[in-house]
Amino acid sequence: MASLSVQRYDLFLLASRLLQRYRRLALGLHPTGVEVALALQYSRDRLPWVGDARGWPIQQVASDICDPFYAKNHRCLPAGEGGEPLVWPLFHQDARGVAQPILPQTTEKKRPEYRWMKACNGQAGVGCHAVSAHMWEDEEFLNGDRDVCPLRFYDGHFPMTVDQGRQRCRFDDHPCGWQSGYPKMLQVIGSGLQAEVFRVEWTPAMWKMLVPERHPLPAYPVLVALYFGSDRLQNRRTSLTPEQMCLDLGLPSWLFRQLFDLNPDSAFNRPLLDAAAQEELSESSPFSAPEQLSLSAWSLPALLPQPTGGQVILDPDEPPHYSNSGLPAGSATDPLTA
């Protein structure tokens with residue numbers, strides 16, 4: 001496998017643009033779920049297994065595992081107000097494909113970014129109270145009634161509430177969004193910010209729910225995007241191969257080859273390999289006056305579908321909720337007075 005420099009800023013920018021294009025193509029990809037799963041896989045020995053007396057507080061998973069895994073510090077990248085490294089998720093780019101940072105979970109002056117905590121216990125995340133072998137092994141259960149979460153029903157500690165036939169999650173009080181065939185990779189016990197997270201045995205079926213089988217992650221852009229600017233991941237190495245990334249993540253080689261596209265001639269790998277074979281391009285930063293940029297603006301989700309005739313910004317981890325306006329029927333029959 002080809003070895004790529006993990007210190008070249010121009011390769012980092014190109015890798016970010018390639019990952020943006022990949023995200024547009026890879027229907028079925030769960031970007032934030034992939035990001036959390038990779039971070040936890042890297043720090044797999046730190047997360048307690050289901051059955052242990054105590055789990056990790058969900059805030060600690062966000063600040064002590066996910067944040068450090070994606071934190072970057074480089075002369076071409078902006079830093080926080082106190083000079084601290086910002087967090088750079090894999091799939092968080094602007095319309096031009098330029099990587100965008102988010103606030104560290106531990107920030108004190110501004111409202112923390114809850115991206116990781118939502119993914120650890122969200123309707124479309126990687127974990128919830130309902131993690132169980134029944135969720136993806138038991139055909140009778142998969143084809144049965146979806147309204148009752150088996151773990152919540154049998155744990156004997158948290159009460160079950162029902163709203164219009166659907167159980168509500170204690171974490172965000174939304175109706176349970178679990179769907180048939182959608183496995184969860186974490187068990188979460190408790191509610192809100194007091195929730196504790198446990199790890200279960202991850203299977204290929206769980207990874208396939210995050211990474212489309214027909215569109216595996218492009219290995220070389222992921223490698224550069226992860227390791228650039230990260231002293232923690234680089235560990236004094238100036239160039240790496242996907243094989244070394246596989247060892248760092250602790251994935252079996254057969255599973256790594258299922259999750260990652262290692263073909264050097266694929267549409268997402270070849271442009272980066274060609275650029276890596278040339279001299280480094282100018283390091284002029286695409287950020288104008290980075291110290292004046294608004295951190296809150298960097299946290300807005302990118303690449304969301306926009307309705308025709310308007311611009312609506314949605315949180316991809318929180319589905320929209322609608323309510324009745326209360327106006328009587330026929331009160332605005334004239335379209336000009338609507």
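Helices (H or I, at least four residues) and strands (E, at least two) were taken as DSSP runs and numbered from the N terminus. The structure is a predicted model, in which local features need pLDDT of at least 70, side-chain atom pairs count only at pLDDT 80 or more, and totals for chains, interfaces and linings use all residues. Residues are numbered from 1 along each chain as its sequence is written, and side-chain values use heavy atoms, with hydrogens and water left out.

Helix α1 covers residues 9-25. At 1.5 Å a residue, its 17 residues should span 24 Å, and the end C-alpha atoms lie 25 Å apart, which agrees. The expected span is 1.5 Å times one less than the number of residues. Of the 17 residues of α1, 13 are buried, so the helix is largely enclosed by the rest of the structure. Buried here means under 20% relative accessible area, exposed means over 50%, and partly exposed lies in between (1.4 Å probe, protein chains only).

Strands were paired if DSSP finds at least two bridges between them. Strand β5 (residues 127-128) pairs with strand β8 (residues 186-189) in the parallel sense, over 2 bridges. Within this pairing, Cys128 has Gln187 of β8 as its bridge partner. Strand β8 is also joined to β9, by 4 bridges, and these two run antiparallel. Gln187 stands opposite Phe198 in β9. Together β8 and β9 form a hairpin with 6 residues between them. Gly190, in the turn, has a positive phi of about 105°.

Strand β9 (residues 196-199) also holds Arg199. Arg199 is buried yet has no salt bridge. A salt bridge requires a side-chain nitrogen of Lys or Arg within 4 Å of a carboxyl oxygen of Asp or Glu. For charge, Lys and Arg count as positive and Asp and Glu as negative; His and the chain ends are not counted. The side chain of Arg199 does make a polar contact with the side chain of Gln41, at 2.9 Å. Such a contact is a pair of N or O atoms within 3.5 Å; within protein, one must be able to donate a hydrogen and the other to accept it, and residues adjacent in sequence count only if both atoms are side-chain atoms.

The loop between α9 (231-234) and β11 (239-240) contains Asn235. Asn235 has a positive phi of about 50° although it is not a glycine. At 45% relative accessibility, Asn235 counts as partly exposed. Arg236 lies in the loop between α9 and β11. Its phi is positive, near 70°. Arg236 counts as exposed, at 78% relative accessibility.
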